[in-house]
Amino acid sequence: MFHRAQHLLLILTFMLITPLACWAGEAAHGPQAKAGKGPAILLVTFGTSVPSGQAAFVNIEQQVKKAYPNTEIRWAYTSQIIRKKLAKQGTVLDSPEIALAKLMDQGYTRVVMQSLHMIPGAEFHEIYTNGKLFGQMAGGFDKVMVAYPLLSSDEAMEKTLQIVATTIVPKERQANEAVVLMGHGTHHPSDAIYSALMLKAQKMDANMYVGTVEGHPSFDEVKEALVKKGIKKAYLVPLMTVAGDHAMNDMAGDEPDSWKSQLTKAGIESVPVLKGLAEFDPIVDLWLENLKTAMQHVQ
Ligand code: CO
C-alpha cells in the first residue's frame, strides 16, 4: 500500500522532525550550579480521567523511582480539559508550566522533563519550547532538559512493534489474524510517524497494521485492507500511554462508529486489548533510555 517514493518521504519527514534534540535550555551555569537542589524529574503526560488508566502512571512512576531513588519525581498533565475534569473531582494536577514554576520557587536548579507522549508532536514541542524559556529565566534553573517521547527514533519504533507483537498481543493470536494498533494521530507534521510505523509493522508481520483516530493512516484505510485480505479476526491494541477514553470508546466501545463495531459490521471479529503501553515494563524501559540520556546532561 506504500510506494518507494512515499517510503523515502516518510524517512525524510522523520529525520526533519527528530533532530530538534532533547536540549531545552541551558543557562550559564557557574560554580554554584551543583549547589542547588536537583535534578528533579517532571513526568509530563497528556493525562487521563479514566480511573483504570492510572495503572499505567503508577507503573511508570515505580520504574522511574527504581532507576532514580532519592530523586524528586513530579507529574504534570498537558491536557487542560483533563486537568479541569479531575479538579472538579478533587484531584489537582499541575500543568507543566505550573510544575516548573513550583520547582523553581522551591530552589531546584536542574530539571529533566520526561515527555510521556507517543510522538514528538504538538504537546512535546510545547513543553520543549516552554522548558527552554524557563531555562532562560534569570535567577532560576541552571538547566532544563526535555527527554524525548516514546517513538523518537527508528530503533524505538522497531522495539515498540516487537514488544507489541511478543508481549502485548495475547499468545493465542494466530498468524492469519490481524493486529491493529490504534494511534492517536495529529494535525502536527509528526503524524507521519504513524505511517512510518505502518511500513515497519507490515515488514515485520504482514497482518500487523497501524491506524489512527485523528490522523493517518486512517481507520478506514486499515479496515479496507483487512477486508481485502479476508481477515476474520483482529486484535486491537492502543498505541497510547494509557488505555483511556480513546481505547475504551473509540476503539472498543459499543457505539456504531467504534473500531470494534465497524469491524464487526465488516464481518471481522475483534479482540480489544485494554491496556496502555505504559503498563508494560519493556515499553517503560524505552522511555527510561530517553530519560537516562537527558539525566546525563544535568548531573
Ligand atoms: Co484525543
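Is Glu 289 buried, partly exposed or exposed? I found Glu 289 to be partly exposed, at 43% relative accessibility; buried means under 20% relative accessible area, exposed over 50%, and partly exposed in between, with a 1.4 Å probe and protein chains only.

**Basis.** I worked from a predicted model, in which local features need pLDDT of at least 70 and side-chain atom pairs count only at pLDDT 80 or more, while totals for chains, interfaces and linings use all residues. Residues are numbered from 1 along each chain as its sequence is written, and side-chain values use heavy atoms, with hydrogens and water left out.

**Salt bridges.** I then looked up Lys 159, which is partly exposed at 28% relative accessible area. Its side chain meets that of Glu 155 at 3.2 Å, N to O. Both residues belong to helix α6 (residues 154–168), 4 residues apart, which is about one helical turn. I took helices (H or I, at least four residues) and strands (E, at least two) as DSSP runs, numbered from the N terminus.

Lys 159 also forms a salt bridge with Glu 289, at 3.9 Å, N to O. Glu 289 lies in helix α11 (residues 281–296) and Lys 159 in helix α6, so this pair ties together parts 130 residues apart in sequence.

I next examined Glu 158 and Lys 200, whose side chains form a salt bridge at 2.8 Å, N to O. Here helix α6 carries Glu 158 and helix α7 carries Lys 200, so parts 42 residues apart in sequence are tied together. Glu 158 is partly exposed at 34% relative accessible area, whereas Lys 200 is buried at 15%.

His 184 is partly exposed, with a relative accessible area of 26%.

**Aromatic pairs.** I counted 6 aromatic pairs, taking rings of Phe, Tyr and Trp (its six-membered ring) with centres within 6.5 Å; planes under 30 degrees apart count as stacked, over 60 as edge-to-face and the rest as tilted. Phe 219 and Trp 259 are stacked, at 4.5 Å centre to centre and 20 degrees between the planes. Phe 219 is buried at 6% relative accessibility, and Trp 259 is buried at 5%. I also noted one aromatic cluster formed by Phe 57, Trp 75 and Tyr 77.

Notes: Salt bridge = Lys/Arg side-chain N within 4 Å of Asp/Glu carboxyl O.
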